[in-house]
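Subject: Structure handover

Hello,

Here is the structure we talked about handing over. Please open it next to this email as you read.

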Amino acid sequence: MTVPTTDPGKISRRKVAHGAAWAVPAILVASAAPAYAVSCGTLDWDKYSGRVLTGDSNVVSGSFTVQSGVSTVVVSIKITRVTGKPFGHRNGTVQSGPQGGIYENWLAIHRKCSREGDTYRVDITTSQPVTGMTFSVLDLDFLDKCCGYDDQLVVGTPGYTANLGSWMVGSGTTSDPYRTSGGSGTTNGTAKTSDASNVRLKWDNTPRSSFTFDYVNGQRTACCSTEIGLSDLHFCT
Ligand SMILES: [Ca+2]
Ligand SMILES: [Ca+2]
């Protein structure tokens with residue numbers, strides 16, 4: 001044991017003063033804590049089935065109520081046909097897994113026909129700002145056949161990090177979209193039981209109420225049905 005060489009009385013007074021100096025901010029933080037408490041919620045597609053987005057041949061949309069702690073957040077999802085052929089019949093419907101290796105329900109984003117550069121835009125908005133928005137875009141695969149496709153993803157809302165499936169490349173920009181470039185997915189498509197052609201997006205803790213991505217077909221000769229999926233959405237308030 002080390003024996004103090006300083007007068008114990010002085011140490012005691014300094015400790016008290018130190019403790020008192022910290023006592024005030026500690027009380028302030030404690031009283032303010034409830035305002036900063038983080039609650040989280042999930043838009044869980046397992047609670048839905050069938051057609052959940054409705055509209056016309058150019059735009060379909062729908063709204064979903066999610067409980068995040070004491071906050072009730074309305075999540076609105078809109079798919080806009082920017083260029084290209086009309087929506088496929090599964091567009092805006094909830095489908096059951098597996099898709100992209102996920103054995104849960106998911107939202108289908110489906111093209112009837114598609115040619116190079118054809119673009120659908122997906123807008124996700126929330127009725128109040130949320131943090132840490134997280135979801136996966138499923139099955140961004142490639143089929144190198146006469147009726148092929150090349151599913152690509154361009155992310156329009158900055159502030160995210162991406163976790164790429166093992167066959168994915170790119171940086172999510174228009175010039176370098178996320179796309180499959182590996183495995184059998186480059187020629188035969190990716191199996192529904194595989195997550196190799198998924199991209200998981202997670203935004204940071206800056207409050208946001210709008211998230212946008214484009215679903216682009218990168219292949220020149222494609223003219224057939226092609227599809228990606230949207231997973232459950234997780235976020236905090
Ligand atoms: Ca789910
Ligand atoms: Ca696909």
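Below is what was found in it, from the overall fold down to single residues.

Overall

This is a predicted model. The protein has 237 residues, of which 35% are buried. It is built from 17 strands and one helix.

Start with β8, which covers residues 119–138. Several strands pair with β8, and each of those listed here runs antiparallel to it.

- β5 (residues 71–83) is antiparallel to β8 and joined to it by eight bridges. Within β8, Thr126 sits opposite Val75.
- β15 (residues 208–217) is also antiparallel to β8, again with eight bridges. Here Arg121 faces Asp214 of β15.
- β14 (residues 199–203) pairs with β8 in the antiparallel sense through four bridges. Ser136 is opposite Arg200 of β14.
- β16 (residues 226–230) makes two bridges to β8, antiparallel. Val137 is opposite Leu230 of β16.
- β17 (residues 233–236) makes two bridges to β8, antiparallel. Thr134 has His234 of β17 as its bridge partner.

The core

Which residues touch the most other members of the largest nonpolar core? They are Ile109, Val137 and Leu153, in a core of 43 residues. Strand β8 is the top contributor to this core, with eight residues. As a general point, nonpolar side chains in soluble globular proteins tend to be buried together.

Ile109 is worth a click. Leaving out residues up to four places away in sequence, Ile109 touches Ile79, Asn91, Tyr120, Val122, Tyr215, Glu227, Ile228, Gly229 and Leu230. Val137 is the residue opposite Leu230 in β16. Leu153 is among the contacts of Pro177, which comes next.

Pro177

Pro177 lies in the loop between β12 (168–169) and β13 (178–180). Is Pro177 buried or exposed? Pro177 has 23 other C-beta atoms within 10 Å. The cut-off for buried is 20 or more, so Pro177 counts as buried. Setting aside neighbours within four places in sequence, Pro177 is in contact with Gln152, Leu153, Val154, Gly170, Gly172, Val216 and Gly218. Tyr215 is 38 residues away from Pro177 in sequence, yet the two C-alpha atoms are 9.7 Å apart.

First, Asp139. Asp139 has a positive phi of about 65 degrees, although it is not a glycine. Asp139 is in the loop between β8 and β9 (142–143). Asp139 is buried, because 30 other C-beta atoms lie within 10 Å of its own.

Second, Pro98. The peptide bond from Gly97 to Pro98 is cis, with omega near 5 degrees. Pro98 belongs to the loop between β6 (93–95) and β7 (106–111).

In short

Begin at β8, with its eight residues in the core. Then go to Ile109, Val137 and Leu153. Finish with the cis bond at Pro98 and the positive phi at Asp139.

Best wishes

Conventions. Residues are numbered from 1 along each chain as its sequence is written. Chains are lettered from A and ligands numbered from 1 in the order in which they are written. This is a predicted model: local features need pLDDT of at least 70, side-chain atom pairs count only at pLDDT 80 or more; totals for chains, interfaces and linings use all residues. A residue is buried if 20 or more other C-beta atoms lie within 10 Å of its own, exposed if 12 or fewer, and partly exposed in between; C-beta atoms are placed from the backbone. Two residues are in contact if their C-beta atoms, placed from the backbone, lie within 7 Å. A nonpolar core is a set of buried Ala, Val, Leu, Ile, Met, Phe, Trp, Tyr and Cys residues joined through C-beta atoms within 7 Å. Two strands pair if DSSP finds at least two bridges between them.
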